[in-house]
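Have a look at the fold first, then read on.

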Amino acid sequence: MRALVVEDDPGIASGLSLSLRQAGYAVDVCGTLESAWTALCVEPFDAVLLDLGLPDGDGLDLLTRLRRQSERRPGQSTLPQRDLPVLIMTARDGVSDRIFGLDEGADDYIVKPFDPNELLARLRAMLRRASGRSKPVIEYGDIVVDPATRSVERAGLPVALGGKEFALLLTLLQAKPQVLSKARLESAMYGFGEGLESNAIEVHVHHLRRKLGESLIKTVRGVGYFVPQEPPAAKPADNAAGL
């Protein structure tokens with residue numbers, strides 16, 4: 001999952017980025033409204049963590065612009081996802097501030113200073129709601145994925161996944177049965193400037209198939225990868241693979 005942190009304080013931005021990366025998110029940081037809007041227009045994100053007091057304006061202006069966008073500007077090829085989950089993080093702790101932020105379209109609101117673990121829990125809940133899930137875990141056939149603990153079980157047994165493998169699995173499961181291109185998967189798993197080998201996605205897909213079953217991830221040649229809407233019937237030999 002890829003998060004955009006809109007925060008102009010270098011110390012807060014650095015600490016928050018570290019917490020998010022340790023939790024498995026790909027993270028990009030913008031310190032102004034305009035740079036954040038540009039990032040949103042050129043890259044797909046799964047969530048925005050938005051400060052309100054920014055050098056070039058109020059973060060609520062970015063939120064309003066996102067929720068109420070109606071048309072492209074000249075030369076602009078894409079617009080951000082209008083219903084992109086947004087979590088406001090600010091020192092404005094008045095009840096009226098929280099009400100106004102939520103009514104303007106924020107999905108959640110947390111007051112600084114906050115515990116990073118609470119922010120991560122709120123982010124997970126926000127993403128869960130956005131994907132239409134009520135359960136904290138994702139179940140697919142005999143596979144159970146827990147985003148909070150970053151753990152995976154298959155047929156009741158733990159399966160060890162690397163960080164990028166887990167991120168790829170989570171992205172595909174949450175998007176099923178949509179076919180995601182290699183570029184879309186790369187953008188979900190890697191932030192700006194992160195080292196990325198040309199065959200990274202293929203390698204991670206291979207590892208997931210080996211650990212969780214060859215039938216889990218399907219390939220659409222020349223297009224991308226997807227997880228079918230319904231899991232295939234389990235086979236005894238397949239269940240034992242990779243465990």
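The points below go from the sheet to the helices.

1. Keep in mind that this is a predicted model. The strands to start with form an open sheet of 5, in the order β2-β1-β3-β6-β7, and their pairing is parallel. On average, neighbouring strands here are turned by 20 degrees against each other, direction ignored.

2. Which strands stand at the edges? Those are β2 and β7 (108-111); each has a single partner strand, so one side of each is left without a neighbour in the sheet.

3. One of the residue pairs to look up is Arg-2 with its bridge partner Ala-26 in β2.

4. Helix α1 (residues 10-22) lies across β1, β2, β3 (47-50) and β6 (86-90). Against β2, α1 runs at about 165 degrees.

5. Now for α6 (residues 163-175) and α7 (residues 182-189): their axes come within 10 Å and cross at roughly 120 degrees. That angle makes α6 oblique to α7, and the crossing is right-handed.

6. Who meets whom there? From α6 come Lys-164, Ala-167, Leu-168, Thr-171 and Leu-172, and from α7 come Leu-185, Ala-188 and Met-189. Sorted by class, this contact has 6 nonpolar, 1 polar and 1 charged residues.

7. Which residues of α7 are buried? They are Leu-185, Glu-186, Ser-187, Ala-188 and Met-189. Their cover includes α6, α8 (200-212) and the strands β1 (2-6), β2 (26-30) and β13 (224-226).

Key:
Residues are numbered from 1 along each chain as its sequence is written. This is a predicted model: local features need pLDDT of at least 70, side-chain atom pairs count only at pLDDT 80 or more; totals for chains, interfaces and linings use all residues. Side-chain values use heavy atoms; hydrogens and water are left out. Axes are lines fitted to C-alpha atoms, for helices over the stretch in contact, and angles run from 0 to 180 degrees between N-to-C directions. Helices (H or I, at least four residues) and strands (E, at least two) are DSSP runs, numbered from the N terminus. Angles under 35 degrees count as roughly parallel, over 145 as roughly antiparallel, 65 to 115 as roughly perpendicular and the rest as oblique. A crossing is left-handed if the near helix is turned anticlockwise from the far one by less than a right angle, and right-handed if clockwise. Contact means heavy atoms within 4.5 Å. Ala, Val, Leu, Ile, Met, Phe, Trp, Tyr, Cys and Pro count as nonpolar, Asp, Glu, Lys and Arg as charged, and the others, Gly among them, as polar. Buried means under 20% relative accessible area, exposed over 50%, partly exposed in between (1.4 Å probe, protein chains only). Two strands pair if DSSP finds at least two bridges between them.
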